[in-house]
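Dear colleague,

Please look at the model first and then read on.

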Amino acid sequence: MTETTKTHVILLSCGSFNPITKGHIHMFEKARDHLHKTGRFIVIGGIISPVHDSYGKPGLVSSRHRLIMCQLAVQSSDWVRVDPWECYQDTWQTTCSVLEHHRDLMKRVTGCILSNVNSPSTTPVIGQPQNETRPIYQNTNITDNKPTAIKLLGKVSESLGKICCVRPHIDRFTFVDENANLGTAMRYEEIELRILLLCGSDLLESFCIPGLWKESDMEVIVGDFGIVVVPRDNADTERIMNHSSVLRKYKDNIIVVKDEMNHPMSIVSSTKSRLALQHGDGHVVDYLSQPVIDYILQSQLYINTSG
C-alpha cells in the first residue's frame with residue numbers, strides 16, 4: 001500500500017495517569033510500531049487524556065498535577081501530546097464522550113465530511129473547508145494555503161468512526177489542533193483518518209464486568225472507533241474478547257499488539273509506582289521518568305497517600 005491509501009491514525013489513551021509511567025509511554029510506542037508493521041496504517045499522532053478530578057478514584061491527585069506530570073513525561077516526544085479538555089470539563093466524562101469530542105474536533109477544524117465505517121458510499125460528496133476556524137493543517141512558510149474542495153467518498157451517518165479530510169497543496173505541513181502539534185506527515189490529496197482508543201488489556205477486560213460499561217457506549221467505542229490493545233502481564237486477550245458479546249461482535253475492530261513476552265514495561269503500573277514512592281523503593285526509577293520523579297518529590301505527591 002502507498003502512503004496515500006493507508007489509514008492514518010491518531011491514538012487516544014484515556015485514564016487516571018496517577019502518575020503517568022514509563023509503561024504508558026511504552027504502550028504508545030509499541031502500538032505505533034505494530035500498526036506500521038501491518039502495512040495498513042500510519043500513526044500521525046498520540047493523545048493522552050487524563051481523567052477529570054470528579055472521577056472519584058481513591059488517591060487521585062488533582063488534574064493540575066497529573067497534567068504537568070504527563071507533559072513532563074512526553075516533553076521529548078515529537079508525536080505524543082497531552083490534551084487537557086477532559087480535565088477542564090465541569091464533571092467526569094465517559095471514554096465514549098472523549099472519543100466523540102476529538103472526532104468532532106477533527107470535523108470542525110477541517111470542515112471534512114465524515115463517513116460510515118461499515119458502509120462507505122460510492123456517491124461523491126464535496127467537502128468544503130470551514131473558514132471561521134483555523135485549518136488543522138498549517139504551514140507557516142506558505143502564505144496561501146487555503147484548501148480546495150475535493151471529492152470525498154463516504155456518506156454522513158450516525159456511525160462516524162473514520163474521517164476523510166482535505167489537505168492543502170503544500171509540500172509539508174504540521175498536524176495541529178486547538179491545543180498543540182501532533183506531528184508531521186507528507187502531502188497527499190485525500191486521507192482516511194481514524195481515532196483509535198489505545199488501552200491495556202486490563203481496560204479491555206473491564207468491558208466484561210456486568211454493569212460497569214453502558215452497552216451503548218461499548219458499541220460506539222468498539223464498533224464505530226476501534227481499539228488498539230497492548231497486553232499486560234501476559235493477559236489472554238482472546239479469552240477476554242470471548243467473554244463479551246460486544247467484543248465478539250466487533251472483533252475485527254480490535255487490534256492486539258504483539259509485544260515481547262515478559263517485557264519489563266508490561267508489568268509497570270501507577271499503583272506499583274505509588275507504592276514504591278511511599279516505601280522509598282529505589283525501583284521507582286524503573287517505573288517513572290526522572291522529570292516526573294523530580295516533580296513528585298518537589299510537590300510531595302503520593303508520599304503519604306494510600307491507594
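**Notes on the structure**

S49 has its place in strand β2 (residues 41–50), where strands (E, at least two residues) and helices (H or I, at least four) are DSSP runs numbered from the N terminus. Please bear in mind that this is a predicted model, in which local features need pLDDT of at least 70 and side-chain atom pairs count only at pLDDT 80 or more, while totals for chains, interfaces and linings use all residues. Residues are numbered from 1 along each chain as its sequence is written, and side-chain values use heavy atoms, with hydrogens and water left out.

S49 counts as buried, because its relative accessibility is 0%; here buried means under 20% relative accessible area, exposed over 50%, and partly exposed in between, with a 1.4 Å probe and protein chains only. Leaving aside residues up to four places away in sequence, S49 touches L12, S13, C14, G15, F17, D83, E86 and V98, a contact being heavy atoms within 4.5 Å.

R66, found in helix α2 (residues 63–73), is likewise buried, with a relative accessible area of 0%. With the same exclusion of residues up to four places away, the contacts of R66 include S16, F17, N18 and D53.

On the cysteines, the structure holds 0 disulfides, a disulfide being a pair of cysteine sulfur atoms within 2.5 Å. C14 is in no disulfide, and the nearest cysteine sulfur, that of C199, lies 9.8 Å away. C14 is buried at a relative accessible area of 15%, whereas C208, at 24%, is partly exposed.

The largest pocket has a volume of about 1100 Å³. Of the 44 residues that line this pocket, C14, G15, S16, D202 and L203 are the closest to its centre. Among the elements that give two or more residues to the lining are β1 (7–15), α1 (22–37) and β11 (190–200). A pocket is an open set of points on a 1 Å grid over the protein atoms alone, where a 1.4 Å probe fits, with protein on both sides within 12 Å along at least five of seven lines, and lining residues have an atom within 4 Å of a point; the volume is the space filled by probe spheres set on the points, which are joined across faces, edges and corners.

As for the chain as a whole, there are 11 helices and 13 strands, and 54% of the 307 residues count as buried.

Best wishes
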